[in-house]
Amino acid sequence: VSASVIHLGASVTASCTINPNCLKPIGTATRIVWKLDLEKLPESWQHQREDGILQSNITLPHFNHTRAMLSCCLLWKETLQIIEQAELKAGYPPQPPSNFSCVMNHTTQVLTCQWKSGPSTYLPTNFTLKSYKSNDNCQSRKEPIQDCIAKDGESQCSILRNQLLLYQKVDIWVKAENVLGEAESSHLCINPMEVVKLDPPILQAAKASPGLDSSLRQPGCLRLKWKKARMSNHMEQMCELQYHRPGELTWVLVSPFLNSSTQHEGDNDLCGLLSATRYVLQLRCIRWPMGGHWSDWSRSLELTTKER
Amino acid sequence: VSASVIHLGASVTASCTINPNCLKPIGTATRIVWKLDLEKLPESWQHQREDGILQSNITLPHFNHTRAMLSCCLLWKETLQIIEQAELKAGYPPQPPSNFSCVMNHTTQVLTCQWKSGPSTYLPTNFTLKSYKSNDNCQSRKEPIQDCIAKDGESQCSILRNQLLLYQKVDIWVKAENVLGEAESSHLCINPMEVVKLDPPILQAAKASPGLDSSLRQPGCLRLKWKKARMSNHMEQMCELQYHRPGELTWVLVSPFLNSSTQHEGDNDLCGLLSATRYVLQLRCIRWPMGGHWSDWSRSLELTTKER
Amino acid sequence: PLDSSNHLPPSFFPQIQEQVRKIQNDIEGLQQRLCADYRLCHPEELILVGLYLGIPRPSVKNCYSQDLKLVACLNQLYYGLQFYQGLVRALEGISPELAPTLDTLKLDIGDFAASIWQQMEDFQVVPEIVPTQSILPTFSSSFYRRAGGVLIFSQLQSFLDMAYRALRLLSQS
């Protein structure tokens, strides 16, 4: 076969030669017939050479199956005897993966990059995350980091912390590759800490402090108790709060709700609310000012403000 | 230390010897003091030998901690210098595991045995599933099957099909073992197929067959469509049905509902019901007559009988 | 007077601050565990054992001296961090419960050293590489390894306090 994997729609040629001593037992003059899967193909060029070898060549001009079995058969006593087979596959070379981005999960200490693969290639296609430790703007590469090969069908891959330097630049991209070709995504030049994503903070109702004169708690205020993600108190973080009344679609955003500091937990008041009203509140944090990804929103907290 | 792992409540003795060249840098006459965790122990026997070695022995008559650090310290410049430590652990030898049973999961083709471990031993205790291929009533053992060591804290272990002969007897039991001793469960002499458990069957409402004269469907009957577990149609099975009206506690059992046969799916009528009444029905099957474990009940089916 | 040619960029110290805090958190976790699990809570209780083990300390005089020289101090910090990375590696096997945090500590020290190295590379200066293997202590028993851990973590905290003060001073100049 000219090639067992070809470009979808391209042409493929095959040749079948049958040795005379194969033909001896069957004695009678015979003919080679080609089948594509179960379908007999029209007559093809055929020729018995001086040395007795029976040869037939066939060309499939536009092969538009992603997979098919091409069988070389002999016509024998009105039956088609399959003598040889070739598996033909067809598809496309991969397109450059797009939407390439990376996130450093602070808790698991794993750098996970994800991308959008192009249209299906109909062929087994490997996606490999390639990366090099680099200097400041990834102009020059230092030592390579071990390739990360995405599991079948997955469009993400994760690099463990022990292969990374969290505060050094990494030149990183993803390569798509199959039998027909390869393609690369755009490159990112990041240090893992710049794309760190923290676990969501915890938001709770603050216990009414016994000493505090309850009149101090104005009707339009809620006292909130917050706690940042575990093992993140070495990072300066800024947090923002969103709230709305149950059923309302739009959220009111208070940003920043907690200014950048390394304080790990505390109580803060949220005022300017309606009295005797139920509110749903959520908090999220980000490494700030040194930058990272926003954490997911905390679990919702439902509280009701005091009567007037 | 006489032993680093002892029977809870037993006594333990320890000896601490301090070399003279260790004492040289500190010069002053000194004394050995023992600590159990952070608690100073009362004065112990102490003696400076001719060779200058300072020795102290101590006996803890009834050691009732499951774990503690015994420290040999030197009194030096009003501080207690820790010179050596021993980690003491105490607990019990294991009791024989009870309620030992095995089930062959037909779909996963895995023989899973489970047991009830005895009271806590306070010590790391291994549970190992031991088994031998055997002849008919396990009087004599053939070759051993690979030990199956239960994960920490789990009281079950699974043997893969490729280590078993499904229709040959296996002498199987579980051994519990820790530093202080070992104990065995009772033995089972089974062939894996005798303890096969099928996946639950599927129970659905039969489609009203167009040809069938609807008058044929009496008011007190329900036509049920059933289907046995996948890949189990080589096994003769018997199935039983249970039903009750929503909210009722007791089930009515129809056993057998399907007699032992290898028929894989079909329709059956259930009669003798109240008309215009809602019923909840479940089906389960068992390898029969050759024996096995009942499958779990199928997912509940809710149907209402016709008006009169 | 500081050597005038090199200055630390504004972004350097905030990042170092975060890295030092992370390492100190790692150490606190290890110290709490050694105290809870093995009742080894105070380095002052292990002075004699320390003399016996002979745990070396890296020199930090360039970061203490009055005439604080940036590159000389960075070089000594880099040397010290490599040194402590070696000491922490010698503690491997201290106990299964401490192993994950010990690995994290090693990686965090490595990151801090890489930040110092990167800054020196930006100043076109090549830091001194330490043949740490030869000078590291060996611990002949699990008690000695745990006691060594308490002493090393305490020394490392002081080293980090000093590094933090020196780098803050250098970044303000």
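User: How many salt bridges are there between chain C and chain B?
Analyst: Two, with a salt bridge being a side-chain nitrogen of Lys or Arg within 4 Å of a carboxyl oxygen of Asp or Glu. This is a predicted model, where local features need pLDDT of at least 70 and side-chain atom pairs pLDDT 80 or more, while totals for chains, interfaces and linings use all residues. Residues are numbered from 1 along each chain, chains are lettered from A in the order written, and side-chain values use heavy atoms, without hydrogens or water.

User: OK, which residue does E45(C) form a salt bridge with?
Analyst: K35(B), and the closest N and O atoms are 3.1 Å apart.

User: What's the area buried between chain C and chain B?
Analyst: About 1,400 Å², with 58% of that from carbon and sulfur atoms. That's the accessible area (1.4 Å probe) that two parts lose on being put together, summed over both. R39(C), E45(C) and L48(C) supply 46% of what chain C buries against chain B, more than any other three residues.

User: And how many residues are in contact?
Analyst: 14 of chain C with 15 of chain B, contact meaning heavy atoms within 4.5 Å.

User: Switching topic: which residues does F112(C) touch?
Analyst: Leaving out residues up to four places away in sequence, F112(C) touches I16(C), Q19(C), V20(C), I23(C), L81(C), L160(C) and L167(C).
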